[in-house]
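This briefing concerns the structure shown below.

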Amino acid sequence: MSLIIDGLLAILAIYLALQSLLAPRLTQSVFLFFAFGLALALAWIRLAAVDVAITEAAIAAGFLGVLFLDALRDFAPRIPAKNEAVQKQYSKSQTKSLFLPRLTLWAGLGLFLLIALEAVWKIPEGGGLTAAAGTLLPESGVENPVTAVLLNFRAYDTWLEMGVILIGLLAVFAAGGKMAYRKPGVASQDPLLRQVILFFTPVLFLFGAFLLYIGKTGPGGAFQAGVLWGAIGILLHLGGWPFIALMPRWLGQLLLTVGLGFFLVLGFLFMAAGGALFEYPPAYAGILILIIETLAAISIAAALSAIFALLNQIGEEADEIESTT
Amino acid sequence: MTHLPTSSFPALLVGLPILLATLSLFFGSKGRAVVGLAGSLLTTALSLIAIAEVTRRGTVIHILGGWDPPLGILLRIDPLAAVFIGMLALVGVFISLYAWWYFRVREADTGGLPQFWPLWLFLWAGMNGLFLSNDLFNLFVTLEVVGISAVALAVLSGKTTALTAGLRYLLAAITGSMAYLFGVALIYGSTGTLDISLLGQVLEPGATTTFALLVITLGLMIKMAGFPFHFWLPPAHSAALAPVSALLSALVVKGAFYILLRLWMEVFGVSLTYAAGQLIGVAGAVAVIWGSWQAFMQTSLKLIVAHSSVAQLGYLLMVFPLLILAPGVTTDSADWLSPAWTAGIYQVISHAFAKASFFLSAGIIIMALGHDRIESLRNLVGNMRITAMAIGLAGVSLIGLPPSGGFMAKWMLLKGIFLSGQWWWAPVVLTGSLLTAGYVFMLLRLAFAPAREMDTFRPVPKSLEVVALLLAIGSFLIVFPADFLIQFLESSAVFGSGIEPIMEGGEYGNN
């Protein structure tokens with residue numbers, strides 16, 4: 001029975017991915033991509049990786065979806081007419097001459113997939129590091145092995161990944177050539193939207209806090225909580241409370257860097273005390289991990305809201321240029 | 001590896017630049033430049049002290065979090081890592097100095113592009129982390145840090161050409177990362193460990209290992225722009241701002257090469273065959289010829305320099321066939337291993353200095369002329385003596401004429417080729433040098449030619465020209481400590497090692 005469910009799920013995921021790639025209209029692609037993200041999240045649950053499933057759903061289907069929709073709103077009105085003409089021309093002139101290269105490409109891809117399948121099939125029984133992590137779990141300060149690996153055994157990787165999120169934000173700034181957010185205009189006048197946002201903000205906050213706390217014992221943690229809190233920032237921005245743009249610059253930077261910075265300074269302190277980087281005293285490991293996770297979630301939430309605020313603003317500026325010319 | 005002496009330097013080499021990058025975010029454009037330059041100087045000093053420590057104590061390690069591998073992550077500075085960290089520090093500090101003046105002139109009103117300095121420090125930390133890491137998954141994370149900050153730097157100017165090239169660069173970099181990660185997942189699945197030293201002992205040959213080797217190699221080849229995955233490099237490197245082009249071409253691509261070298265020599269020995277070495281050698285040889293020819297055909301300076309990078313990276317791949325021995329040859333009888341390794345290391349270092357100098361000079365010329373079409377280089381010698389000299393010296397090093405570092409690299413490569421009897425690589429090295437001479441002398445001929453019409457050279461700060469010249473001179477000076485450097489490297493376990501493939505047996509590698 002479970003084999004049938006897994007098989008159907010695998011087929012569904014691949015089908016949705018292909019449909020998303022091949023859909024003729026961008027809007028369809030984006031909505032199929034949501035569905036694909038959810039199918040993947042289900043697959044992770046079937047693989048008993050609930051932590052990954054929550055992150056997958058939150059990032060792939062949630063945050064990326066929001067960014068895609070925002071991009072769609074900015075660019076879709078300008079694309080279709082041109083796109084259809086181009087596509088018609090393309091299909092007329094190119095189909096024949098591209099037949100052979102396409103055939104080789106697909107054949108090559110198929111061959112690659114077959115070899116990959118064989119490689120995966122033949123993986124010897126290894127067992128991984130699960131046993132090692134289990135043995136040392138009591139010394140880690142938390143009961144959830146995933147949190148123990150992420151925040152203690154391999155905290156260095158997680159710390160660098162937090163750096164990657166910050167670099168991603170800097171990259172958005174760099175590509176937009178921007179230094180600051182634009183000061184916001186009038187708040188949204190839609191009363192229904194405002195009411196909905198006012199209702200959802202505390203709910204999301206509490207749910208995020210819950211995920212953060214539960215990460216100590218079960219699936220959950222900083223990344224999942226950070227995405228939920230980031231959703232608050234995005235909702236508030238859409239509702240006309242762009243707090244990221246309104247707060248003083250130093251405060252914004254503090255929120256963005258506090259996760260990465262505190263983690264590092266703490267690591268340096270323990271190093272100065274004679275240990276290694278990120279070597280917590282076992283007695284305080286639990287509480288230190290909770291503090292680090294809370295600050296990390298704040299930074300992740302700030303970075304996600306900031307990325308959205310910036311992209312949203314770039315889109316609005318493009319609209320203005322459009323309307324003036 | 002855990003028995004080696006521990007030291008705080010590996011942790012500091014990653015932590016300090018990231019701390020400074022984070023701090024710099026709190027400042028405006030001008031403050032960021034100050035923090036960035038100070039951070040560069042501090043990181044360079046720290047790198048040099050760390051290297052001194054390695055010469056004194058040998059390989060040092062840092063066990064992060066106090067958790068022994070394979071569960072935890074281990075950082076190590078062995079002589080090979082120390083040499084790469086030293087190259088990064090020396091070339092990096094010159095590029096920082098150049099960037100300091102460059103942005104002050106270019107963005108005089110705003111004080112510079114504010115994202116440059118934090119991104120550059122993040123990139124520096126990521127590269128240090130990459131050289132230090134002894135863990136397959138951690139290497140993936142450092143590749144992410146390096147890749148994303150490199151792409152962000154490449155699009156810094158905000159021009160359409162840079163953004164288009166940057167997007168292509170990003171897609172290539174992500175494809176490379178995913179391929180690498182897929183391979184790492186296969187290795188972890190079959191061995192349950194990610195530690196490079198342990199993997200070298202426990203990895204079993206088989207279909208899974210061979211496929212992991214294939215996708216990891218593919219991923220890293222994409223990242224280091226090895227032929228035929230070089231398509232993203234020329235547009236991305238030539239469209240970036242001058243200091244960024246120098247960073248990307250001189251330093252960033254060497255990161256993926258370093259991982260490839262380490263993994264082939266330390267992990268995948270069980271799956272490598274003589275043919276695999278020849279195959280990657282062919283990719284390198286084609287890159288040398290194709291890249292040099294393309295460089296020769298370009299009409300704008302930055303595109304010449306960018307295509308030249310494709311070729312110079314090809315020489316690095318040509319080291320691999322020499323390190324994988326023919327069936328029946330033992331490591332002890334292979335006297336070409338040491339020259340081959342020396343060629344590889346010297347090619348990495350001399351190209352870093354020469355290419356950085358070349359790109360920085362190109363930036364000076366763009367600043368003076370407003371464009372970089374080479375016909376306007378006429379009478380460069382009369383107008384900008386120092387820059388002309390920098391281009392000449394860097395060019396000589398790229399060709400491989402004595403007494404430059406490039407000569408050392410190509411001479412040692414030829415020595416290795418003839419000692420190993422793989423004579424078929426020799427014509428490639430010579431043709432590559434001839435073609436390189438072609439485009440370098442074409443530039444120099446124009447630089448000495450009398451001006452046809454008066455192109456107006458706007459004044460450029462002398463300090464910029466001096467930095468570019470110093471880097472070009474550096475590509476010559478690195479020859480002097482050669483004896484010391486090779487002696488130092490020979491205390492590294494991996495330097496001078498070769499792989500003895502056993503050809504008989506099963507269908508996959510050395511069963």
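The points that follow are grouped by topic.

The model is predicted. Chain A has 13 helices and zero strands, and its contact with chain B draws on 47 residues from chain A and 48 residues from chain B. The largest nonpolar core has 279 residues.

**Chain A: composition and fold**

- From the N terminus on, the elements of chain A run α-α-α-α-α-α-α-α-α-α-α-α-α, with no strands among them.
- Chain A has 325 residues, of which 32% count as buried.
- Among the contacts in chain A with a separation of 6 or more, 74% are between residues 24 or more positions apart.

**Chain A: domains**

- The domain assignment places residues 1-76 of chain A in domain 1 and residues 139-325 in domain 2.
- Taken over C-alpha atoms, the centres of domain 1 and domain 2 of chain A are separated by 23 Å.
- Contact between these domains of chain A involves 13 residues of domain 1 and 16 residues of domain 2.
- On the side of domain 1 of chain A that touches domain 2 of chain A, seven residues are nonpolar, two are polar and four are charged.

**Chain B: domains**

- Chain B is divided into domain 1, residues 1-134, and domain 2, residues 273-497.
- The C-alpha centres of domain 1 and domain 2 of chain B lie 25 Å apart.
- In chain B, 15 residues of domain 1 are in contact with 21 residues of domain 2.
- Helix α3 (residues 79-106) of chain B gives the most to the side of domain 1 that touches domain 2 of chain B, contributing 12 residues.
- That side of domain 1 of chain B consists of 12 nonpolar, two polar and one charged residues.

**Contact between chains A and B**

- The contact between the chains takes 48 residues from chain B and 47 residues from chain A.
- On the side of chain B that touches chain A, two or more residues come from each of α1 (9-24), β1 (60-63), α4 (116-132), α5 (136-154), α6 (160-191) and α8 (207-223) of chain B.
- The largest share of that side of chain B, 10 residues, comes from α5(B).
- By class, the side of chain B that touches chain A has 28 nonpolar and 19 polar residues, with one charged residue.

**Helix α16 of chain B**

- Helix α16(B) covers residues 385-399, 15 residues in total, and reaches 21 Å from its first C-alpha to its last, close to the 21 Å expected at 1.5 Å a residue.
- Because 12 of its 15 residues are buried, α16(B) is largely enclosed by the rest of the structure.
- The buried residues of α16(B) include B:Thr387, B:Ile391, B:Leu393, B:Val396, B:Leu398 and B:Ile399.
- The cover over the buried residues of α16(B) includes α12 (301-317), α14 (337-369), α15 (380-383), α17 (405-420), α18 (426-448) and α19 (462-477) of chain B.
- B:Gly400 follows α16(B) and has a positive phi, near 100°.

**Nonpolar core**

- Within the largest nonpolar core, of 279 residues, those with the most contacts are B:Val91, B:Leu153, B:Ala154, B:Leu247 and B:Ala356.
- Helix α14(B) provides the largest share of this core, 20 residues.
- Not counting residues up to four places away in sequence, B:Val91 touches B:Ala250, B:Leu251, B:Ala352, B:Phe353, B:Ala356 and B:Leu471.

Key:
Residues are numbered from 1 along each chain as its sequence is written. Chains are lettered from A and ligands numbered from 1 in the order in which they are written. This is a predicted model: local features need pLDDT of at least 70, side-chain atom pairs count only at pLDDT 80 or more; totals for chains, interfaces and linings use all residues. Two residues are in contact if their C-beta atoms, placed from the backbone, lie within 7 Å. Helices (H or I, at least four residues) and strands (E, at least two) are DSSP runs, numbered from the N terminus. Ala, Val, Leu, Ile, Met, Phe, Trp, Tyr, Cys and Pro count as nonpolar, Asp, Glu, Lys and Arg as charged, and the others, Gly among them, as polar. A residue is buried if 20 or more other C-beta atoms lie within 10 Å of its own, exposed if 12 or fewer, and partly exposed in between; C-beta atoms are placed from the backbone. Domain bounds come from an automatic or database domain assignment. The expected span of a helix is 1.5 Å times one less than its number of residues. A nonpolar core is a set of buried Ala, Val, Leu, Ile, Met, Phe, Trp, Tyr and Cys residues joined through C-beta atoms within 7 Å.
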